[in-house]
Every structure is written in C-alpha cells, then in structure tokens.
Amino acid sequence: MLKWKILAVIGFTFGVAGMTWGYAQEKKAPGFYELRVYTAVPGKRDALAEGFAAKTAAIFAKHGVTNVGYWIPKQSDSELGISAENTFIYIRGYPSKEERDKRVAAVRDDPEFKEFVGKREADPNTKQVVKVHNIDMEPNGPYSAIKLGK
C-alpha cells in the first residue's frame, strides 16, 4: 500500500511539474499588430503568396516577427480597393510599435530578404507587388479573442 502512495505522489508531482512547464512555454500574444494588404501585379498574386509560404514568413520569424495569419479574399470590394484576383492580406504581430520598427529594419537588412524580395521587386520583369497598405492595430476590449500583451 505504501508503494502505491509513493507512486501516486510521484505521479502527481510530475503532473504538476508538467503543467507548470507547459504554462511557462505558452506564448504571450503580441500587443501590436500590422494589417498588410498587398495589391499584386495582375496574375501574380498566387506567386506572391507562394513566396511568403516558401521563404518570406520564415525570414520574418527569424527576426522575431509573429506571423499571425495570411489570407486570400474570396470576394472583391471596390469600396475597399480589394480585388479577389490580385489581393493578398496578412497580419504580423510584435510586442510593441518600437519592437516592430527594430524587427522590420532587421528583416530589411537581412541578406536573404534582400536577395529574395529586394531583387525581385526591383526588376520590372519579376516584380509582384503594385502597392502595399499598412494599418497599425492593437487589440481592444474583453470581447476580442486576442488580448493586449503587456
């Protein structure tokens, strides 16, 4: 009987330790976000999205940028300037606006980013982006699934 009690205590201890470790590993939501809306060169939206999947998102992550999500609209909205055929949308997250500025500068200075994105966008024959809209955002209110990181 004593053997089972000892095993129960050991099991309980490992369970609590595991839960504590798990909570410690849980990522805190960023407190500052960017909504990025790209208008692609006609016919190049899918190639742009593939480039993000293949390389760009990983370069962002390497510099501490949180890739929140990437979207392709299913309908156009002329009032918003959204064309379902040529629009690519994503959200990036950061601890703060100041950190965003530092991390985006690091991305722009990254040799792999310059090689993959910089050269492509500088060449009219391989250019994929016509224009980019950027909107800075913070979570607001208890009704939001994303809480303000502090």
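What covers the buried residues of helix 4? The cover includes helix 2, helix 3 and strand 4, and the paragraphs below lead up to that arrangement step by step. The structure is a predicted model, in which local features need pLDDT of at least 70 and side-chain atom pairs count only at pLDDT 80 or more, while totals for chains, interfaces and linings use all residues. Residues are numbered from 1 along each chain as its sequence is written, and side-chain values use heavy atoms, with hydrogens and water left out.

The protein chain contains four helices and four strands, taken as DSSP runs numbered from the N terminus (helices are H or I with at least four residues, strands are E with at least two). Along the sequence, these elements follow the pattern α-β-α-β-β-α-α-β. Of the 150 residues in the protein chain, 31% are buried; here buried means under 20% relative accessible area, exposed means over 50%, and partly exposed lies in between (1.4 Å probe, protein chains only). Residues 24 or more positions apart account for 72% of the contacts in the protein chain with a separation of 6 or more, where contact means heavy atoms within 4.5 Å.

Next comes the sheet. Strands of a sheet pair through backbone hydrogen bonds, either parallel or antiparallel. In this model, four strands form an open sheet in the order 2-3-1-4, with antiparallel pairing; two strands count as paired if DSSP finds at least two bridges between them. Strand 2 and strand 4 (129-137) are the edge strands, each pairing on one side only. From one strand to the next, the twist averages 20 degrees. Helix 2 (residues 45-62) packs on this sheet and touches strand 1, strand 2, strand 3 and strand 4, with a direction that makes about 10 degrees with that of strand 3. Axes are lines fitted to C-alpha atoms, for helices over the stretch in contact, and angles run from 0 to 180 degrees between N-to-C directions.

Eight of its eight residues are buried. Thr87, Ile89, Ile91 and Gly93 point one way, and Phe88, Tyr90, Arg92 and Tyr94 point the other way. Strand 1 (residues 32-40) pairs with strand 3 over eight antiparallel bridges; Val37 has Ile89 as its bridge partner, and Phe32 has Tyr94. Strand 2 (residues 66-71) pairs with strand 3 over five antiparallel bridges, and Asn67 stands opposite Arg92. In the loop between strand 2 and strand 3 sits Asn86, which is buried, with a relative accessible area of 16%.

The tour ends at helix 4. The axes of helix 3 (residues 97-109) and helix 4 (residues 111-122) come within 5 Å and cross at roughly 70 degrees. Helix 3 and helix 4 are therefore roughly perpendicular to each other, a term for angles of 65 to 115 degrees (under 35 is roughly parallel, over 145 roughly antiparallel, and the rest oblique). Val107, Arg108 and Asp109 of helix 3 make the contact with Pro111, Phe113 and Lys114 of helix 4. The buried residues of helix 4 are Phe113, Val117, Arg120 and Glu121. Seen down the axis of helix 4, these buried residues fall within an arc of 100 degrees, so they line one face of the helix; the arc is that of the directions from the helix axis to the C-beta atoms. The face turned away from the buried side of helix 4 carries the exposed residues Pro111, Lys119 and Ala122.
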